[in-house]
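Hi,

Here is the structure for your review. My notes follow below it.

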Amino acid sequence: MTTRPTRRTGRRRRPTGLTAVSAAALLALSACSGSSGTSGADGAATGSRGPSSASAKLSGTVTVFAAASLKESFTELGARFEKAHPGTHVSLDFAGSDTLAAGITGGAPADVFASASTRTMAVVTDEGAADGAPVTFARNQLEIATLPGNPDRIASLTDLTRPGLKVVLCDTSVPCGAAARKALDAGGVRLTPVSYEQDVKGALNKVVLKEADAALVYRTDVRAAGAKVRGVDFAESARAVNDYPIVALKNGDNAAAARAFIDLVRSADGRKVLTDAGFRTP
């Protein structure tokens with residue numbers, strides 16, 4: 001339940017007689033002494049009205065649409081945001097970036113969009129749905145996810161072409177699939193997967209459930225899976241690094257909380273959460 005700060009609404013009595021004269025004198029003194037304002041710690045002038053609206057308490061729900069690969073790190077950041085701003089709630093919606101972008105341009109209410117590629121972010125900005133310019137807050141790189149212990153001894157992209165090996169890719173319409181296609185092209189590798197998945201978590205889960213022998217996914221997802229998979233680096237991944245942009249949205253209901261959440265993601269604390277999850281800094 002969201003609790004908003006209460007405001008005092010009691011009426012003041014109108015001053016009369018000598019009281020009115022004294023009040024007028026005090027007002028004149030106040031005008032003379034406060035007309036130039038005083039400098040705060042940040043050097044900005046502060047008048048007699050108290051704190052600016054920028055320091056107003058945040059409240060309510062902030063709805064964040066985020067790429068599936070951000071699930072672990074944004075869940076952590078959402079919890080930190082709620083702790084730092086009592087009375088707020090972070091509603092997180094994770095899916096493939098293209099699915100989220102289609103929802104936003106279709107009118108789905110959200111305050112923040114964090115995409116796994118600049119191409120998908122452009123779908124939102126080109127439609128005029130962004131409130132401001134997107135900023136890149138992280139980068140991600142591919143790894144080969146294999147079964148625990150890497151029983152097939154996969155060491156390169158070329159190894160994925162072995163007969164009988166079941167490999168899964170993300171669909172090329174989503175950022176992890178587009179990155180995989182770029183890496184495969186860079187290595188001159190032609191690969192026919194057993195399935196194309198709609199987001200990176202779907203591709204990874206095929207390996208976790210032992211329905212596939214390997215998948216091309218982000219290194220952050222390999223790290224999040226722990227002992228359930230084994231990650232294998234490959235040289236061509238350096239040719240397919242994805243930038244992750246974030247932006248506030250015009251369709252949202254909580255612009256102040258949206259800006260504050262983006263500030264947290266881009267802060268030193270936010271960067272640490274992301275790098276601990278395996279992301280690279282911009």
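Does Asn150 count as buried or exposed? Asn150 counts as buried, because its relative accessibility is 12% (buried is under 20% relative accessible area, exposed over 50%, partly exposed in between; 1.4 Å probe, protein chains only).

Before the rest, the ground rules. This is a predicted model: local features need pLDDT of at least 70, side-chain atom pairs count only at pLDDT 80 or more, and totals for chains, interfaces and linings use all residues. Residues are numbered from 1 along each chain as its sequence is written, and side-chain values use heavy atoms, with hydrogens and water left out.

**The loop**

Asn150 sits in the loop between strand S7 (142–146) and strand S8 (167–170) (strands are DSSP runs of E, at least two residues; helices are runs of H or I, at least four; both are numbered from the N terminus). Its phi is positive, about 50°, although Asn150 is not a glycine. Arg153 is found in the loop between S7 and S8 too. Arg153 is not a glycine either, and has a positive phi of about 55°. Arg153 counts as exposed, because its relative accessibility is 70%.

**Helix H8**

H8 covers residues 255–266. Its 12 residues should span 16 Å at 1.5 Å a residue, and the end C-alpha atoms are 17 Å apart, which agrees (the expected span is 1.5 Å times one less than the number of residues). Buried residues of H8 include Phe261, Ile262 and Leu264.

**H8 against H9**

Leu264, Val265 and Arg266 in H8 meet Ala268, Gly270, Arg271 and Leu274 in H9 (contact means heavy atoms within 4.5 Å).

Best wishes
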